[in-house]
Amino acid sequence: MACWLFKSEPDVFGFDDLIAKGAAGEQWDGVRNYQARNNMRAMKVGERGFFYHSNVGKEVVGICEVVAEAHPDSTAEDPKWECVDVKAVARLVTPVTLDDAKAEPRLRDMVLVNNSRLSVQPVSDAEWDVILELAGGTRPL
DNA sequence: GCCAACGTTGGC
DNA sequence: GCCAACGTTGGC
């Protein structure tokens, strides 16, 4: 199973906002970037992703799970823009900051470290495990 | 608030 | 199809 990373500004839509949506989750709308859209098209129900807070915090705070595969983004005028639905599943015990990720040699090639502008990113299995290790694991919502 | 990096647009 | 101009993102 592939792993992912979703970026959002907590001022606009943070992890707590996703938690508030409950088990039904929420569509990850607003993406207007082909690379990010293509990443969402590749997602399968049940795959998990990190939830990263950009600008404010600059840290990975939780884990979410895909509950609906890519479909047209209802907030877009052009149906070429698609999005998946995700729900929150767990918090990280300790958020992992961008600085933490940059300081970790095993995350040298992580997209988060190298391409800060991509809002939906693939994460390798190895990177996934390293982030969880740095986070000290997860705790239930 | 600034600016670098990146992606998209549109003129040629 | 190239590339300059422009807009946006996000770290600092």
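The legends below describe close-up views of a predicted model.

Local features are given where pLDDT is at least 70 and side-chain atom pairs count only at pLDDT 80 or more, while totals for chains, interfaces and linings use all residues. Residues are numbered from 1 along each chain as its sequence is written, and chains are lettered from A and ligands numbered from 1 in the order in which they are written.

**View 1. The fold of chain A.**
Chain A contains 6 helices and 7 strands. Helices (H or I, at least four residues) and strands (E, at least two) are DSSP runs, numbered from the N terminus. Along the sequence their order is β-α-α-β-α-β-β-β-α-α-β-α-β. The C-alpha atoms fill a box of roughly 40 × 30 × 30 Å along the principal axes. The radius of gyration of chain A is 14 Å, which agrees with the value near 14 Å for a compact globule of 141 residues. This radius is taken over C-alpha atoms, and the globule rule is 2.2 Å times the number of residues to the power 0.38.

**View 2. Strand β5 and its partners.**
Two strands pair if DSSP finds at least two bridges between them. Strand β5 (residues 82-97) runs antiparallel to strand β2 (residues 26-27), with 2 bridges. Gln 27 stands opposite Asp 85 in β5. Between strand β4 (residues 59-72) and β5 there are 10 bridges, and these two strands also run antiparallel. Here Pro 72 has Glu 82 in β5 as its bridge partner. Strand β7 (residues 138-140) is joined to β5 by 3 bridges, again antiparallel. Leu 92 faces Thr 138 in β7 across this pairing. In a regular strand the side chains alternate between the two faces of the sheet.

**View 3. The surface near DNA strand C.**
Around DNA strand C are Lys 7, Ser 54, Asn 55, Lys 58, Leu 98, Ser 116, Arg 117 and Ser 119. By class, this surface has 1 nonpolar, 4 polar and 3 charged residues. Ala, Val, Leu, Ile, Met, Phe, Trp, Tyr, Cys and Pro count as nonpolar, Asp, Glu, Lys and Arg as charged, and the others, Gly among them, as polar.

**View 4. The surface near DNA strand B.**
Asn 33, Tyr 34, Gln 35, Asn 115 and Arg 117 are the residues around DNA strand B. This surface divides into 1 nonpolar, 3 polar and 1 charged residues. Arg 117 is listed for DNA strand B and also for DNA strand C.

Notes:
Near = placed C-beta within 6 Å.
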